[in-house]
Amino acid sequence: MRLDVVTIFPEYLAALDLSLIGKARRAGLIDLAVHDLRDFTHDRHRTVDDTPAGGGAGMVMRPEPWGEALDHVLDAGRAALGTAGGPDVAATLVVPSPSGEPFTQAVAHELAALPWLAFACGRYEGIDERVLEDAAERFDVRPVSLGDYVLNGGEVAVLAIVEAVGRLLPGVVGNAESLREESHEGGLLEYPVYTKPAVWRDRGVPDVLLSGHHAQVERWRYEQRLLRTARRRPDLLGGLDPDAVPPAGRAVLAAEGWDCLDGRFQRRPAGVAD
Ligand code: JAH
């Protein structure tokens, strides 16, 4: 997979030399190029920002360096993919932004199936909108949000997205690791995990996990997933298929105030007795 990142802080992306992603790069599974946006300015001060049209707080990224940088990304990427002059490989431009579509494991899988991802790291109040309109003529543009909070720029989001996508590429993580990821896609949070020693600071590992009863362990873990999801991510319960939850699981949810009504789980209104 070819990856291009455009940023005013190329050193930020040095973390991608490390760990699994760094190993995947050295193995030739990921070809990553980082481009400094300031290399595409033409003034003495290498200016990338200007005041917002219409007034308001902060600064906006000027369109001219972005236009040249993205032109360069297309040239460099085509050369690396060996498609210069030949049939085009579609490039997807991922733009981290608090106003983007939510980045989920499903989006990570979509992106992992593509041959070429470019990333535009904004700073300040964001990038002049015309850059994204112009880019849409040459890229599949995907504004994505990692969550409802504001960072100082897109770089940290790109680190997260590249890690989430990179670990899905064939050959990047081992088999045990990739099986573990499947379990996060059942719409429930993961169960708590423990290791040795059996007692630590007066806290024991739950007895069932030391019992050797595989079926009981599986049942306990499933219950823990339901409990955690109800308590931490009640928004996920509405999307659960009640037919996929056995009576014992429904009882766990009922005890947390969730009933199965009209074919889905709904929170029991306060003050309604069971
Ligand atoms: C902030 C450009 N959803 C996480 C996220 C992603 C990007 C940004 N903030 C939060 C951001 C300033 C400028 C992007």
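Start by selecting strand β6, residues 116-120: five of its five residues are buried, so the strand is largely enclosed by the rest of the structure. Buried here means under 20% relative accessible area, exposed means over 50%, and partly exposed is in between (1.4 Å probe, protein chains only). Helices (H or I, at least four residues) and strands (E, at least two) are DSSP runs, numbered from the N terminus. Keep in mind that this is a predicted model, where local features need pLDDT of at least 70, side-chain atom pairs count only at pLDDT 80 or more, and totals for chains, interfaces and linings use all residues. Residues are numbered from 1 along each chain as its sequence is written, and side-chain values use heavy atoms, with hydrogens and water left out.

Next, look at the neighbours of β6. Strand β1 (residues 2-7) pairs with β6 in the parallel sense, over five bridges; two strands count as paired if DSSP finds at least two bridges between them. To see one of these spots, pick V6, whose bridge partner in β6 is A120. Strand β5 (residues 92-102) also pairs with β6 in the parallel sense, over three bridges. Select V94 and you'll find it opposite F119 of β6.

From β5, step along to β7: seven bridges join these two, and they run parallel.

Time to zoom out. In what order do the strands of the open sheet come? Five strands form it, in the order β2-β1-β6-β5-β7, with parallel pairing. The edges are β2 (31-36) and β7 (140-145), each of which pairs on one side only. From one strand to the next, the twist averages 30°; for angles like this, axes are lines fitted to C-alpha atoms (for helices over the stretch in contact), and the angles run from 0 to 180 degrees between N-to-C directions.

Helix α2 lies across β1, β2, β5 and β6, and runs at about 160° to β1. Contact, here and below, means heavy atoms within 4.5 Å.

Then pick two other helices, α3 (residues 105-112) and α5 (residues 155-166). Their axes come within 8 Å and cross at roughly 70°. That makes α3 roughly perpendicular to α5 (angles under 35 degrees count as roughly parallel, over 145 as roughly antiparallel, 65 to 115 as roughly perpendicular, and the rest as oblique). Show A108, L111 and A112 on α3, plus I161, A164 and V165 on α5, and you have the residues that make the contact.

Go to K196 and P197, which are joined by a cis peptide bond with omega of about 5°; P197 sits in the loop between α6 (175-182) and β8 (199-200). Then try S19, in helix α1 (residues 19-26): S19 has a positive phi of about 55°, although it is not a glycine. Is S19 buried or exposed? At 60% relative accessibility, S19 counts as exposed. Finish at D262, in the loop between β10 (258-261) and β11 (264-267). D262 has a positive phi of about 55° and is not a glycine, and at 71% relative accessibility it counts as exposed.
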